[in-house]
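Q: Could you walk me through this structure, and begin with the terms you rely on?

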Amino acid sequence: LAVAFGGWRYYSLSGESQRLDQDLDTAREQLKKVEDDRKAIEVLKAKKVAFQKQIDIITTLKNNQQVPVRLLDEISRNLPDFLWLVSMQESGNQLTFSGKAMTPNAYANFYNNLDASRFFDEVGKIGYTASNDDVTFSLSARFVPNGKQPRPPVTGQQGQ
């Protein structure tokens, strides 16, 4: 009876040992799959960060691209007849124009157009030379990409 009990116990423990070994192998396979999935997730997160950086760069470039287009468009709109720009320098939003005009009125019109524009501020004369044939000038202005805020109307007692 003791031998039968020992044999049954051995056979029972041997079967349980095999089942536990199979469970352990299954758990190891699942752990390997989880590790592989974790590594794939890390790779995807790194790719997501890289793509987001690229999107941010493209967005910044797109936004910055609109400023030069707006600047050149506004200069073109404010350029009167009989006036030619020879050079334009930019430092941040500060611009310096140099050019020639056929008449002092053409220069004055350009100055007044820039001063009246909502996209230019702090317009100032740097140099002005008039001769019999033409006017040579340079002036500065600050470019306001989104336009100046409209000035509030003057209130108070004027003329009283």
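A: Two strands pair if DSSP finds at least two bridges between them, and helices (H or I, at least four residues) and strands (E, at least two) are DSSP runs numbered from the N terminus. This is a predicted model, in which local features need pLDDT of at least 70 and side-chain atom pairs count only at pLDDT 80 or more, while totals for chains, interfaces and linings use all residues. Residues are numbered from 1 along each chain as its sequence is written, and side-chain values use heavy atoms, with hydrogens and water left out.

Q: OK, how do β3 and β4 pair?
A: Strand β4, residues 135-143, pairs with β3 in the antiparallel sense over eight bridges, and within β4 it is Val135 that stands opposite Ala130.

Q: And what about β1 and β2?
A: These two run antiparallel and are joined by eight bridges, with Ser98 in β2 as the bridge partner of Ser87. They form a hairpin with two residues between them, and Gly92 in the turn has a positive phi of about 70°.

Q: In what order do the strands sit in the sheet?
A: The open sheet has four strands in the order β1-β2-β4-β3, with antiparallel pairing. Its edge strands, each pairing on one side only, are β1 (83-91) and β3 (120-130). On average, neighbouring strands are turned by 20° against each other, direction ignored; axes here are lines fitted to C-alpha atoms, for helices over the stretch in contact, and angles run from 0 to 180 degrees between N-to-C directions.

Q: Stepping back, how many helices and strands are there, and how do they run from the N terminus?
A: There are two helices and four strands, and from the N terminus on the elements run α-β-β-α-β-β.

Q: Where does α2 lie?
A: Helix α2, residues 104-116, lies across β1, β2 (94-101), β3 and β4, and runs at about 165° to β3. Contact here means heavy atoms within 4.5 Å. Phe110 touches, beyond residues up to four places away in sequence, a set including Leu79, Leu85, Phe97, Phe137 and Leu139.

Q: What makes up the largest nonpolar core?
A: It has 18 residues, and those with the most contacts inside it are Phe97, Phe110, Leu114, Phe120 and Leu139. The elements giving two or more residues to this core are α1 (2-78), β2, α2, β3 and β4, and the largest share, five residues, comes from β4. A nonpolar core is a set of buried Ala, Val, Leu, Ile, Met, Phe, Trp, Tyr and Cys residues joined through side-chain atoms within 4.5 Å, where buried means under 20% relative accessible area, exposed over 50% and partly exposed in between (1.4 Å probe, protein chains only).

Q: Is Glu74 buried or exposed?
A: Glu74, which lies in helix α1, counts as buried because its relative accessible area is 6%. Leaving aside neighbours within four places in sequence, Glu74 is in contact with Ser117, Phe119 and Phe120.

Q: And Ala116, buried or exposed?
A: Ala116, in helix α2, is exposed because its relative accessible area is 66%. Ala116 and Asn78 are 38 residues apart in sequence and 9.4 Å apart in space, C-alpha to C-alpha.

Q: What about the overall dimensions?
A: The C-alpha trace spans about 135 × 50 × 20 Å along its principal axes. The protein has a radius of gyration of 39 Å, whereas a compact globule of 160 residues would have one near 15 Å; the radius is taken over C-alpha atoms, and the globule rule is 2.2 Å times the number of residues to the power 0.38. Of the 160 residues, 18% count as buried.
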